[in-house]
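Reader: I am new to this structure. Please take one part and go through it closely, in plain terms.

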Amino acid sequence: MSDDVQQAIDKAVKSNDVVVFMKGTPTFPQCGFSSVVVQVLDFLGVDYAATNVLEDQTIREGIKVYSDWPTIPQLYVKGEFVGGCDIIKEMFESGELKEFMAEKGIEMEAA
């Protein structure tokens, strides 16, 4: 994986309080797992950036190297890798994700 790709990913992770690397876009997710993560973030009222990995194969593969995590979507909060769909869903259902966001100083306007 090229340094340029890793630097681009690192910049996206560090320059956004909340960023999700996903298949598709928040308005048109291209996989069910990405859709679940978007629904959770939207439900919590979190402002987030999204990177569509389907638009760039180098980003799609590079994010897996960056996080050492094999699947997409991937959620980052304040530069920290939080997890993929299953982890986000479990954290949301237990209330842990809302607490985590609050601890990180992320504003939420839950519906």
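**Phe 21 and the rings around it**

Author: Phe 21 and Tyr 76 are both buried (under 20% relative accessible area, with exposed over 50% and partly exposed in between, for a 1.4 Å probe and protein chains only). The model is predicted, so local features need pLDDT of at least 70 and side-chain atom pairs 80 or more, while totals for chains, interfaces and linings use all residues. Residues are numbered from 1 along each chain as its sequence is written, and side-chain values use heavy atoms, leaving out hydrogens and water.

Rings of Phe, Tyr and Trp (its six-membered ring) pair if their centres lie within 6.5 Å; planes under 30 degrees apart are stacked, over 60 edge-to-face, the rest tilted. This rule gives 5 aromatic pairs. Phe 21 and Tyr 76 have ring centres 5.8 Å apart and planes at 80 degrees, so they are edge-to-face. The pair links distant parts of the chain, with Phe 21 in strand S1 (residues 18–22) and Tyr 76 in strand S3 (residues 74–77), 55 residues apart. Helices (H or I, at least four residues) and strands (E, at least two) are DSSP runs, numbered from the N terminus. One aromatic cluster is formed by Phe 21, Tyr 66, Trp 69, Tyr 76 and Phe 81.

Ile 63, in helix H3 (residues 57–67), counts as buried because its relative accessibility is 0%. Leaving aside neighbours within four places in sequence, Ile 63 is in contact (heavy atoms within 4.5 Å) with Ile 9, Phe 21, Ile 72, Gln 74 and Tyr 76.
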